[in-house]
Amino acid sequence: MAISSILDHPVTSLVVVYFVYLLGLVVYRLYFHPLAKYPGPKYAAISRWHEFYYEVVKKGQFTFKIQELHKQYGPIVRIVPDELHIQDSEFYDTVYTKAGRVDKYDWMAGRFGCDTSVFTTGPDELHRIRRGALNPLFSRARIVDLQTIIRTKIDILLDRIREFQRDNKVLPINRAFMALTGEVVMEYCFSISYGHLKLPNFEKTLHEPFMAASISGHLSLQCPWVPKMLSMLPESILVKIEPLYALVFRMQADFRNQINAMKQGKMADVLAKSSHPTVFQELISGNLPESEKETRRLQDEAQLVVAAGVTTTGWALTVATFHLTSNPATLSRLRAELEAAIPNPTAPLSWAELEKLPYLTGCVREAVRLSYAVSTRNPRLFSKPLTYKDWVIPPRTPVSMTIVDVSDDEDIFPAAHEFRPERWIGSPKTKDGSSLERYFVGFGKGSRSCLGINLAHAELYMTLAAVFRNFAFELYETDVSDVALAHDFFLPSPKLDSHGVRVKVLKG
Ligand code: HEM
């Protein structure tokens, strides 16, 4: 059959046009794209399919694949057709702080189904508005005032730990910490408690729906139509075919209901009795433009702020507890410092006083460093060309670095996988003479860095001090593989069959 007669058929001619387009795209991306000269494998220059494979099929492995690519191609690599990744701890400051205000990569906004939250906002100007409304609510002064709430929740946790000690029961301490951080952030954001700290084995926490959003995030990014289609299904069917998404949609509906209840004044009595300002009531009554106060927008913000507050801090506490419990010398140094500073173990703790304790501060730093918070690369877009070594990166190119790469950098943190609080004591320096603090990147840096750093620090200092001043633990069927980073779902995850960090409580 002659080619002309094949092309006469509309379907075949469409297929041919499509293949010619694909071929053209491949040639363009390989030879004429502004990033064509950058190091990296050819398959990464052509398409995102390898990213789909490592993220979705292999479950959160692209972060590690990028590390391999750097070993092969050097510190700057074209990891997908339009994005560069840099692995060079010294350059972190430049990308996130020195290069000034930056935009985020719109493509990544759809990860959790909360596209209009402060974290996922692309343009810098819009981010300023959203972040500006939240900043005063998370200032140091506000969190100092919130200490009474944090203490109340920690006291419930201590009572529960005593109960596990009395009954000689195995304590799933990772779940207990997630319950604690969930209760603190829900109290501050909505003045409500789900009572998660009081559940017999902490069987329900907010960590599950947030982890579900995080795990399903890779698929949502690669195939944005999937969550859109699934959201149309009745919940009874969705639970059977896609339980992760079902959990996410239910959580979103919960936040929507909370926001609506506040808007309709149904929370007025609760809020009037509350001993503290409530984040979402303040946003609703504050001076954000009306479009920024729409229920769907605030629902997205709630999902993000609460998620950011639960798993990060809960996981940092878990990682610290694992390392302290498996390292008696480290634990006894912490314990000695706490006993000297807090003679009465049940005295109310002050965040500002605890910050003065050098060994505890080292434990907090190591907890944040080794728990990674965000294990995925974090792209930024610059309006001007960015220079890295001999490369001049074109404006608007997504350029990313990964917190894990800096936190695990052996040149900066020798024996990087070990929990060594003493490495932070006495204004330490790196080999090249710069301050070690410069490489403390666990909260990110610059205008997009963590909003909740004060709340996180208050919780970390007060909880570690209260727990380790009062108790010691023995690990129960738990080893380092239960805390080591094995999957990157944006949030870090250990091996998937982990049963969590479980302990027996030794003394009170
Ligand atoms: C150990 C605890 C925590 C760690 C290590 C941590 C770390 C981070 C990191 C790495 C980012 C991303 C920064 C970037 O994009 O460059 C971030 C963003 C954020 N965090 Fe945290 N976080 C913690 C706790 C909290 C808490 C308790 C809250 C508040 C409830 C919070 C709220 C946020 C928000 C809202 C953002 C987005 C900020 C923006 O895009 O402007 N975080 N955090």
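**Entry 1: the ligand**

I looked up the ligand first, and it sits in the largest cavity. A cavity here is a set of points on a 1 Å grid over the protein atoms alone where a 1.4 Å probe fits but cannot get out. Sitting in one means that more than half of the molecule's atoms lie within 2 Å of its grid points.

I then checked which elements give two or more residues to the shell around the ligand: they are α7 (124–134), α17 and α22 (453–470). Helices are DSSP runs of H or I with at least four residues, strands are runs of E with at least two, and both are numbered from the N terminus.

Before going on, I noted that this is a predicted model, in which local features need pLDDT of at least 70, side-chain atom pairs count only at pLDDT 80 or more, and totals for chains, interfaces and linings use all residues. Residues are numbered from 1 along each chain as its sequence is written, and side-chain values use heavy atoms, with hydrogens and water left out.

**Entry 2: the shell**

Which element gives the largest share of the shell around the ligand? I found α17, with six residues. There are 29 residues around the ligand, and H127, R131, N378, R380 and C450 come nearest. A residue is near a molecule if one of its heavy atoms lies within 4 Å of it.

By class, I noted 16 nonpolar, nine polar and four charged residues in this shell. Ala, Val, Leu, Ile, Met, Phe, Trp, Tyr, Cys and Pro count as nonpolar, Asp, Glu, Lys and Arg as charged, and the others, Gly among them, as polar.

An N or O atom in the side chain of N378 is 3.0 Å from an oxygen atom of the ligand. A polar backbone atom of R448 is 3.4 Å from a ligand oxygen. A nitrogen atom of the ligand is 3.5 Å from a polar backbone atom of A308.

**Entry 3: helix α17**

T325 lies in α17, which covers residues 295–326. Is T325 buried or exposed? T325 counts as buried because its relative accessible area is 13%; buried means under 20%, exposed over 50%, and partly exposed in between (1.4 Å probe, protein chains only). Its side chain reaches the backbone oxygen of T321 at 2.6 Å. Beyond neighbours within four places in sequence, T325 is in contact (heavy atoms within 4.5 Å) with F468, F473, E474 and L475.

V319 is also placed in helix α17. With a relative accessible area of 1%, V319 is buried. I set aside residues up to four places away in sequence, and V319 then touches L370, S371 and V483. V319 and V480 are 161 residues apart along the chain, yet 9.4 Å separates their C-alpha atoms.

**Entry 4: helix α10**

M178 has its place in α10 (residues 173–190). At 4% relative accessible area, M178 is buried. Its contacts, leaving aside neighbours within four places, are T205, H207, V310, T311, G314 and W315.

**Entry 5: loops**

Which phi does Y372 have? I found a positive one of about 65°, although Y372 is not a glycine. Y372 lies in the loop between α20 (358–371) and β4 (386–388), and is buried at 5% relative accessibility.

R396 has a positive phi too, near 70°, and is a residue other than glycine. R396 is in the loop between β5 (391–393) and β6 (399–400). R396 is partly exposed, at 43%.

S274 sits in the loop between α15 (268–273) and α16 (279–285). S274 is buried, at 18%. A polar atom of its side chain lies 3.1 Å from the backbone oxygen of H276. Not counting residues up to four places away, S274 touches E187 and S191.

Last, I looked up A484, in the loop between β7 (472–475) and β8 (487–489). A484 is partly exposed, at 35%.

Note on methods:
Polar contact = N/O pair within 3.5 Å; in protein donor to acceptor, adjacent residues only side chain to side chain. 1 Å grid on protein atoms, 1.4 Å probe; cavity = no way out; pocket = protein on both sides within 12 Å on 5 of 7 lines; lining within 4 Å.
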